[in-house]
Structures are given as structure tokens and as C-alpha cells.
Amino acid sequence: MFTREKEDIKLKTEVYALSQSISMSAHKARRVLDQILGRSYRETLTILELMPYRACYPIFKLIYSAAANAKHNMGLNEEYLVITKATANEGTTVKKLKPRARGRSYAIKRPTCHITIVLKDTALYEKYVVENSIRCLKKTGWIYKKKSTDITCHNMYSSGGVWDKK
């Protein structure tokens with residue numbers, strides 16, 4: 001039953017957007033994606049606006065689209081969105097022929113890539129982690145219940161434990 005609840009939280013909080021056949025190499029797209037992985041939605045938009053790379057604009061549009069999916073389809077708040085997964089896979093290579101001297105031709109290869117962005121809502125996750133951490137601390141004895149108060153934290157510095165010895 002516990003794993004089922006965890007799966008439900010995962011399904012409700014993850015949103016993704018996929019962009020295919022972007023005309024740039026996957027290596028150049030990964031250079032930008034590595035900078036934004038694990039950052040919040042607002043911070044990512046600011047970083048992408050200020051970075052000087054050509055790959056920033058398609059990634060910016062894709063993140064904006066993923067946030068719109070989260071807001072419209074699932075009703076999630078944009079403040080709590082965090083980029084959990086960002087991948088760039090190689091797509092098909094567009095091959096062209098450029099005419100050269102004496103009737104010859106020169107092959108031009110234009111790489112493409114597929115970019116996937118996964119956003120996660122951390123509002124439910126933070127609530128879940130706080131509840132579990134309090135439960136864990138109660139078991140180890142760091143937080144204990146008294147009859148007068150609900151939860152009391154034991155602080156060894158203010159209670160005169162170690163530092164008040166003369």
C-alpha cells in the first residue's frame with residue numbers, strides 16, 4: 001500500500017514536453033541542458049535568457065511549453081516546478097549535396113536532435129518528506145511527545161548539556 005501511494009504522487013506531479021528534429025547537434029544541446037538540470041522553473045528561464053548559445057531558444061520554448069502543460073492539464077503551480085530530467089538524443093541526419101567545380105558535389109550533413117524536458121511539482125513532495133522526516137525523528141528519539149505540548153525538539157545547546165561543564 002505504501003508503494004502505491006508513492007507511485008500516485010509520482011504520476012500526479014511529473015509533466016514532460018518533447019521536441020523532435022531540432023536542427024542542431026545533440027552535443028551542443030546537452031551543453032545547455034547540463035546547466036539547467038535540477039533548477040527551478042523561474043531560475044531556468046532567467047538562465048536561458050542570459051546564456052549566449054543558439055541552443056537556448058528552442059530549450060526555452062520547450063520548458064515554457066512543459067510548464068503550460070503542467071498548469072493547463074494538471075493544474076499545478078509554476079512556482080513549485082523543478083527540472084528533474086533533461087535529455088538530448090540524436091535524431092536523423094539531413095543530407096544535402098552542394099555543387100562544386102567540374103561537375104562534382106560535396107555532401108553536407110546537418111545533425112538534428114530530440115529534446116525531452118521533465119518537470120516535477122515539489123509542493124506535494126516537500127509535504128511528504130516533512131511528514132516522513134518527523135516520523136523518523138520520533139522513532140530515533142530526537143523529537144518526543146509530552147502531554148503539555150504536541151511536539152518538542154530536544155536542543156542540547158540550550159538545555160545545558162555539554163557546554164555548561166566547568
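Helix H3 (residues 41-50) and helix H4 (residues 56-74) pack at about 160°, their axes lying 9 Å apart; helices here are DSSP runs of H or I with at least four residues, numbered from the N terminus. The axes are lines fitted to C-alpha atoms over the stretch in contact, and the angles run from 0 to 180 degrees between N-to-C directions. That angle makes H3 roughly antiparallel to H4, a label for angles over 145 degrees. This is a predicted model: local features need pLDDT of at least 70, side-chain atom pairs count only at pLDDT 80 or more, and totals for chains, interfaces and linings use all residues. Residues are numbered from 1 along each chain as its sequence is written, and side-chain values use heavy atoms, leaving out hydrogens and water.

Let's look at what touches what. From H3, Tyr-41, Thr-44, Leu-45, Leu-48 and Glu-49 meet Cys-56, Ile-59, Phe-60, Ile-63, Tyr-64 and Ala-67 of H4, where contact means heavy atoms within 4.5 Å. Sorted by type, the residues of this H3 with H4 contact are nine nonpolar, one polar and one charged.

Now turn to the other partner of H4. Helix H2 (residues 26-36) packs with H4 at about 50°, with the axes 10 Å apart, and the two are therefore oblique to each other. On the H2 side, Ala-29, Val-32, Leu-33 and Ile-36 meet Cys-56, Ile-59 and Ile-63 in H4. That contact of H2 with H4 has seven nonpolar residues, no polar and no charged.

Finally, a word on rings and charges. The charged end of Arg-31 sits over the ring of Tyr-53, 4.1 Å from its centre (CZ of Arg or NZ of Lys within 6 Å of the ring centre and within 35 degrees of the ring normal). Likewise, the charged end of Arg-100 sits over the ring of Tyr-106, 5.8 Å from its centre.

How values were computed: Parallel < 35°, antiparallel > 145°, perpendicular 65-115°, else oblique. Nonpolar A, V, L, I, M, F, W, Y, C, P; charged D, E, K, R; others polar.
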